[in-house]
Amino acid sequence: MAKSFWDALRFGSAILSLILILSNSTLANEVPASETTSNQLLSAQPEDIEEDNDSIAQVTSVSELSDVQPTDWAFGALQSLVERYGCIAGYGDRTYRGNRALNRYEFAAGLNACLERINQLLQTATDKTITEEDVNVVQRLQDEFAAELASVRNQIDSMEARTAQLEASPSFTTTSLFNAEAIIAVSGFGGSDIDDNFILSNRATLNFDTSFFGQDRLRVGIEARNTPDFVDVTGTNMSKLSFVGDNDNDFEISALLYEFNLSPQALVYLAAAGGGFTGFTPSLNAPLSSSSIGAVSNFGIESRIYGLNGGGTGVGFQYLFGRVARLSVGYLSAQANDPDVGIGGDAYGAIAQLTLQPTIDFAAALTYVHAYNISPGAGAGSANAENPFDGAATSVNAYGLETSYRVSRSFNLSGWLGLIDAHAESEPNKGSNATVLTWAVGLAFTDFLGRGGDLLGIIIGQPPKVIDNDISGREDPDTSLHFEAFYRHQITDRLYITPGFFVVTNPEHNSDNGTIYVGTLRTTFLF
């Protein structure tokens, strides 16, 4: 009996099983569009463990897949499909990710490769090699799987009808995507020196992403929010929530960004509004770095070095040197549209960062930021760190070290150290110098307790503190510590509930101040 025909027959059975499994489970589990913050072809960051290296690459041996072991229950099936039929692909980082959900694009790519292989095998099986017995075997298989095949056909018919309906519906463009998120939170604060209280606040963000030639993205974002800054009642910037911001719930432009690839290695980032250093520079703090589904404190999102950016208008550039290193440089200004100030006047920040990722699991970065008229405390430090020279114009040179280490598939360790040298450029106290120090360590337990999408986060650190100052009385006498814990529970792929709290000891780096407690119950909708 013809070997090629039996190969095709066995292969067809494997594909049928694959279709039945996928049609009943994983096809419905798609990544929400609103969770994708940038075109992955444009700006994949090393710290994005789930999103980095998402390009699909063909493998020729199951041994090339680093997360597939001989003890895995599906190892034999994968080995056959990869090495015998050559139609299963892995990700760019040589992982298979067999426990994650499959989206429709990945399924279509894999199925297409398998169908092409079936055709090749059938073409080699000539009429002379196909016997009556072979035909009978095929007929028995068709009869045995008749119900499943009918179910698949019905699902395909339903999807085709739905697709036709969507294509017939009015659409403003075929090259734009809409995604949004909404946050509703109950938050409270307390301490021995302040009155306890609770608030109800919200944030709604709408994003329109447009691509003009496939390797670019224009983002227009609008946002309404009403979460206050607790500094007015706690007396310190150390009490800010991650989603802080209040514009009386009036929708306004929150982002106007355009990024494109000059080459597969080079990314250009242009920001007319809402730009930030981490738009083109890896912060190495995933998955804690999201203000909507990550840390609940402003301090815990990322190193305060990145807050020295001056404003949301400017340009950035990122270049990849193979898979090991990337260089990020950029400049952002706060008042670029003011004719009396201009792009190079008043508040601005410039960054240069070298990020090294020698292995899939470990990354480290060296960061340098030069800024003018920017608070050295970056909005999260003590009053002395925010204003070390009593109102004088200030220039800063900041130096940062950031690291991220994926200890296992469900545990990531990250941290940062920032040293900021500030210099008074005007009266009063012109020529004076001050030094600000900040650091933090973050622990992220993903898929906590075996629940996909859940995250337990723990952050310990020191908010920006003035450790040395030429001006008497503006050096912080003691040390504040920030302790934070939150648990993000995924209800559905588009709904998260996150209870979290953080404690600040010796607020304002002063032991005379009582400990402050801040808690929140944050509900996040993605659509």
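**Exercise 1. Find which residues are linked in a network of salt bridges, and describe its pairs.**

Step 1. The network links Glu-181, Arg-203, Glu-223 and Arg-225. A salt bridge here is a side-chain nitrogen of Lys or Arg within 4 Å of a carboxyl oxygen of Asp or Glu. The model is predicted: local features need pLDDT of at least 70, side-chain atom pairs count only at pLDDT 80 or more, and totals for chains, interfaces and linings use all residues. Residues are numbered from 1 along each chain as its sequence is written, and side-chain values use heavy atoms, with hydrogens and water left out.

Step 2. Take Glu-181 and Arg-203: their side chains form a salt bridge of 2.8 Å, N to O. Glu-181 belongs to strand E3 (residues 176-191) and Arg-203 to strand E4 (residues 194-210), so this pair ties together parts 22 residues apart in sequence. Helices (H or I, at least four residues) and strands (E, at least two) are DSSP runs, numbered from the N terminus.

Step 3. Arg-203 also meets Glu-223 in a salt bridge, at 3.9 Å, N to O. Glu-223 lies in strand E5 (residues 216-227) and Arg-203 in E4, so the pair joins parts 20 residues apart in sequence.

Step 4. Check burial, where buried means under 20% relative accessible area, exposed over 50%, and partly exposed in between (1.4 Å probe, protein chains only). Glu-181 has 14% relative accessibility and counts as buried. Arg-203, at 8%, counts as buried, and Glu-223 is buried too.

**Exercise 2. State where Asp-229 and Lys-240 lie, and whether each is buried or partly exposed.**

Step 1. The closest N and O atoms of this salt bridge are 3.8 Å apart. Asp-229 sits in the loop between E5 and helix H7 (231-234), while Lys-240 sits in the loop between H7 and strand E6 (245-246), so the pair ties together parts 11 residues apart in sequence.

Step 2. Asp-229 is partly exposed, at 24% relative accessible area. Lys-240, at 16%, is buried.

**Exercise 3. Name the residues of the largest nonpolar core that touch the most other members.**

Step 1. A nonpolar core is a set of buried Ala, Val, Leu, Ile, Met, Phe, Trp, Tyr and Cys residues joined through side-chain atoms within 4.5 Å.

Step 2. The largest core has 28 residues, and those touching the most other members are Phe-277, Leu-308, Val-369, Phe-389 and Ile-420.

Step 3. Strand E14 (411-424) is among the elements giving two or more residues to this core. The largest share, three residues, comes from E14.
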